[in-house]
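Open the model in your viewer and keep the selection tool at hand. The tour goes stop by stop.

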Amino acid sequence: MVDKRVPVKMEGTDFTQIFIAVFVVVITLVIIALYKRSKSSRRGILLTGLCDSGKTLIFSQLIHNKNVQTHTSIKENIANYISSNNGVLKVVDIPGHERLRNKFFDQHKEVTKGIVYVVDSSTLTQDIRDAAEFLYNILIDPVIQKNRPNLLILCNKQDQTFAKGGSAIKSIFEKELNTLRITKSSQLESVDPNVKNAAKLGNSNEDFDFAALPMKVDIAESYAFHKNGMVDIEGLKKWLARQV
Ligand SMILES: Nc1nc2c(ncn2[C@@H]2O[C@H](COP(=O)(O)OP(=O)(O)OP(=O)(O)O)[C@@H](O)[C@H]2O)c(=O)[nH]1
Ligand SMILES: [Mg+2]
């Protein structure tokens, strides 16, 4: 009888393919692990916004549960915050002063998981130019664009009679950011016609809309002080619980 079994040939190329496949899997796993590690090491929450918007009082209410007499901050306040679902976040209250805010923002932006942009809802109409420009500069920051931390626009001082509500503030910002985006990109184009899209924020073919940004944007209302002694920072606390 003739043995019809054909010997299995293990050619060199088979081993090479197996080796490449294993190598690709290992590299992918290492990249995933590094990405997860870098994400979990980002647990910073930045309280930022113009001077006097209430960041330090909010920080005090959040961390120490008490009202304090505040003064214009000249340095940041940092503390761990345990959320209602037992997550630990590092909250950083950044001074709003024009000369200081960029320095402190730059120091903490790499580890930022979420940004709370605090607004004085009772004076926003007067301060909208500054408030929108500051927010714009945060949004176009290359580190922020890379890490895409979540953003909460916290409409503070809701105890004040003429405070604007959250949805009105959202529209006011969107309108001003739309104008800013047009001005900034034409300024840049006049310097260098090749940087047409440098100031691109969201979809520049349409009116500015927070929903078109790569990060998740939420709006909440708060008051960190009320003459009747009450405080409402529940919207902020709920948002923080979603960041852990
Ligand atoms: N009525 C009212 N006053 C508030 C509220 N939150 C803060 N304030 C007051 O607003 C003033 C400014 O508050 P701060 O917390 O110092 O403001 P900030 O944003 O830290 O200001 P900078 O440190 O200068 O950036 C203080 O007199 C606070 O008591 C609020 O919700 N309602
Ligand atoms: Mg302060």
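**Stop 1: the ligand site**

Select ligand 1 and the 20 residues around it; those that come nearest are K55, T70, S73, G96 and D159. This is a predicted model, so read every distance below as computed from predicted coordinates.

Now show the polar contacts one at a time. Start with D159: an N or O atom in its side chain sits 2.7 Å from a nitrogen atom of ligand 1. Move to N156. A polar atom of the N156 side chain is 3.2 Å from a nitrogen atom of the ligand. Then pick D52. Here the backbone takes part: one of its N or O atoms lies 2.9 Å from an oxygen atom of ligand 1. Switch to a surface view. On its own, ligand 1 has 650 Å² of accessible area, and the protein covers 87% of that.

**Stop 2: helix α3**

Select residues 98-108, which form helix α3. Which residues of α3 are buried? They are R101, F104, F105 and H108. Look down the helix axis: these buried residues fall within an arc of 105°, so they line one face of α3. An α-helix has 3.6 residues a turn, so positions three or four places apart point the same way.

Next, display what covers that buried set. The cover includes the strands β1 (44-48), β2 (77-82), β3 (88-93) and β4 (112-120). It also includes the helices α4 (124-139) and α5 (142-147).

**Stop 3: residues 15-35**

An unreviewed UniProt entry annotates them as "transmembrane region". In the model this stretch is 100% helix and 0% strand. Its end C-alpha atoms are 30 Å apart.

Definitions and conventions:
Residues numbered from 1 in each chain as written. Chains lettered and ligands numbered in written order. Predicted model: local features only at pLDDT ≥ 70, side-chain atom pairs only at ≥ 80, totals over all residues. Heavy atoms only, no water. Buried < 20%, exposed > 50% of the residue type's maximum accessible area, 1.4 Å probe, protein only. Helix = DSSP H or I, 4+ residues; strand = E, 2+ residues; numbered from the N terminus. Arc of directions from axis to C-beta. Contact = heavy atoms within 4.5 Å. UniProt positions renumbered as here; feature names shortened; annotations may be inferred. Near = heavy atom within 4 Å. Polar contact = N/O pair within 3.5 Å; in protein donor to acceptor, adjacent residues only side chain to side chain. Areas by Shrake-Rupley, 256 points an atom, 1.4 Å probe, with all protein chains shown as cover.
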